[in-house]
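Please walk me through this model in the viewer. Tell me what to select at each stop and what is found there.

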Amino acid sequence: MKIFIKTYGCQMNERDSEAIGAQFLAAGHVLTPSEDDADVLLFNTCSVRDAAERKAKGKIGYLKKLKDRRPDVLLGAVGCMAQRLGDRLLEELPHLDFVVGTGQLHRIVAIVKEIAQKRNRQSFTEESRDVLVGMGEHAPDGGAFGQIAITRGCNRFCTYCIVPYVRGREISRDQRDIVDEAKKMVDHGVREILLLGQNVAAYGLNGDTRPPADDVSPFGELLEKLNEIDGLARIRYTSPYVTYFSDRLIEALKNCSKVCHNIHLPLQSGSDRVLKAMNRQYTAASYLHYVDKLRAAIDDVTFSTDVIVGFPDETEEDFQMTRDLMNRVGYSQSFIFKYSPRPGAKSALRPDSVPESVKEERNQILLGDLSARVEKMLQKQIGDTVEVLTEGVSHRNEARWTGRTGTNFVVHFEPVPGLKVGELKTVKIERAGGVSLFGSIVK
Ligand code: SF4
């Protein structure tokens with residue numbers, strides 16, 4: 001069969017889609033980038049925001065025409081929205097053939113085969129202990145950048161979030177499996193690996209949500225093992241929850257030369273009152289304490305973050321605390337979300353009390369702060385020499401190449417003869433523009 005896969009949502013979903021594709025390939029099927037050419041169309045859906053659900057439903061709804069034209073084609077919704085809605089999705093979209101939630105993705109090939117034979121509409125959303133099966137499958141494409149999911153699910157139950165309900169409880173993969181997977185990827189040409197998990201720093205802690213003791217960090221140990229792999233140039237990871245940065249983890253980050261010095265550290269709010277209502281188990285002061293410890297250990301570390309504006313009852317004072325804390329940390333990147341209630345999440349039981357216009361105003365203020373701050377950060381680097389991992393020809397200007405520093409700044413530069421994707425190069429920064437740096441390769 002020819003399988004078409006479209007992915008919505010986060011990097012974890014992208015990684016799931018890659019693993020799903022690899023499982024179909026291993027079973028002798030073919031992947032196709034064309035909807036018209038496919039026998040099976042899979043939509044790997046996201047449920048984190050209402051807009052993401054509407055987008056996937058809209059797309060599947062639109063494909064009714066294709067189904068009318070080619071009734072043999074199978075349409076399937078998989079992933080988080082599939083898990084959340086199950087049979088309801090089959091009722092809502094009468095031309096959808098099947099629904100496979102996150103708990104059953106490891107059986108996707110067998111499920112599709114069964115649906116193709118029996119032609120019965122069905123949803124599969126039971127939770128399973130086997131959710132880790134197939135998570136390590138890759139379809140090597142010769143690329144230099146790869147991703148490994150090291151955990152699945154989440155135990156933290158932040159009140160605005162439905163991840164624990166649609167992706168289940170947190171489970172960590174075996175360290176040896178992850179290291180073997182990384183070695184295989186490097187053998188196939190991968191130079192940078194991004195480790196993924198809802199809370200990567202909780203890796204190996206058996207779902208314990210308490211801050212680990214200062215001499216404990218299975219995640220740090222994993223980084224040390226991966227750091228030893230010959231041929232691997234860089235390791236990134238996303239996202240860690242702040243309270244898991246034990247001394248042991250900070251020590252590992254400091255000592256692992258391949259681990260990038262950019263930490264995506266979700267803040268969500270700078271107000272203790274709002275953090276409590278969100279069930280984020282830190283205060284503004286304790287968050288800053290971890291930031292200061294990380295800065296003291298890794299002097300060029302940069303931080304990025306996620307923030308929610310307009311959480312129920314967020315006052316102007318709460319918002320100012322968020323703004324002040326963001327300016328104090330000095331993030332080089334922030335993803336700012338205007339709060340929207342998600343059915344099934346605890347915060348959805350509270351009135352969505354902050355008007356849209358206020359959410360938008362707060363969003364714009366934080367974006368303004370961010371762009372002024374990033375401009376200064378870029379200007380400061382003019383004249384520096386930085387190490388860049390090459391990513392290929394720039395999307396904006398074919399005469400230039402693009403790469404990224406370990407601190408996650410994008411750098412554009414003129415290529416030298418024989419330059420390859422995935423090479424570490426030293427670039428002298430000559431100017432800054434927009435959100436990027438520009439320079440020349442010196443080594
Ligand atoms: S840590 Fe909180 S926000 Fe992140 S996935 Fe878990 S419940 Fe959701």
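## Stop 1: V109

Start by selecting V109, which lies in helix α6, residues 108-118. Keep in mind that this is a predicted model. Is V109 buried, exposed or in between? Count the other C-beta atoms within 10 Å of V109: there are 19. A residue needs 20 or more to be buried, so V109 is classed as partly exposed.

Now show the contacts of V109. Leave out its neighbours within four places in sequence. What remains is Q23, F24 and A27.

Next, draw a distance from V109 to E361. Between their C-alpha atoms the separation is 47 Å in space. Along the sequence, V109 and E361 are 252 residues apart.

## Stop 2: the parallel sheet

Select the strands β1 to β6. These 6 strands form an open sheet, and their pairing is parallel. In what order do the strands come? The order is β2-β1-β3-β4-β5-β6. The edges are β2 (30-31) and β6 (122-124). Each has a single partner strand, so one side of each is left without a neighbour in the sheet.

Strand β1, residues 2-7, is joined to β2 by 2 bridges, and the two run parallel. Pick K2 there: its bridge partner in β2 is V30.

Move on to β4, residues 74-79. Of its 6 residues, 5 are buried, so β4 is largely enclosed by the rest of the structure. Look at its two pairings:

- β3, residues 40-45, runs parallel to β4 and is joined to it by 6 bridges. Select L41 to find L75 of β4 opposite.
- β5, residues 98-101, also runs parallel to β4, with 4 bridges between them. Select V78 to find V100 of β5 opposite.

## Stop 3: domains

Colour by domain. The assignment for the chain gives four ranges:

| Domain | Residues |
|---|---|
| domain 1 | 2-124 |
| domain 2 | 140-259 |
| domain 3 | 261-380 |
| domain 4 | 385-441 |

Keep domain 1 and domain 2 in view. How far apart are their C-alpha centres? The distance is 28 Å. Their contact takes 9 residues from domain 1 and 8 residues from domain 2.

Select the side of domain 1 that touches domain 2. The elements giving two or more residues to this side are α1 (11-26) and α4 (80-85). Colour this side by class: 5 residues are polar, 2 are nonpolar and 2 are charged.

## Stop 4

F157 sits in the loop between β8 (151-152) and α7 (163-166). With 14 other C-beta atoms within 10 Å, F157 is partly exposed. Then check its backbone. Phi is positive at F157, about 55°, although the residue is not a glycine.

## Stop 5

Most residues other than glycine have a negative phi, and most peptide bonds are trans.

Select Q268, in the loop between β12 (262-264) and α11 (272-277). Q268 is not a glycine, but its phi is positive, about 75°. Is Q268 buried or exposed? Q268 counts as buried, because 22 C-beta neighbours lie inside 10 Å.

Now go to S239, in the loop between β11 (234-238) and α10 (247-255). Select T238 along with S239 and look at the peptide bond that joins them. The bond from T238 to S239 is cis, with omega near -10°.

## Stop 5: the whole chain

Zoom out and show the cartoon. The chain has 14 helices and 19 strands. Its radius of gyration is 23 Å, close to the 22 Å that the globule rule gives for 443 residues, so the chain is as compact as a globular protein of that length. Along the principal axes, the C-alpha atoms fill a box of roughly 65 × 60 × 45 Å.

Colour by burial: 40% of the 443 residues count as buried.

Key
Residues are numbered from 1 along each chain as its sequence is written. This is a predicted model: local features need pLDDT of at least 70, side-chain atom pairs count only at pLDDT 80 or more; totals for chains, interfaces and linings use all residues. The radius of gyration is taken over C-alpha atoms; the globule rule is 2.2 Å times the number of residues to the power 0.38. A residue is buried if 20 or more other C-beta atoms lie within 10 Å of its own, exposed if 12 or fewer, and partly exposed in between; C-beta atoms are placed from the backbone. Domain bounds come from an automatic or database domain assignment. Two residues are in contact if their C-beta atoms, placed from the backbone, lie within 7 Å. Ala, Val, Leu, Ile, Met, Phe, Trp, Tyr, Cys and Pro count as nonpolar, Asp, Glu, Lys and Arg as charged, and the others, Gly among them, as polar. Two strands pair if DSSP finds at least two bridges between them.
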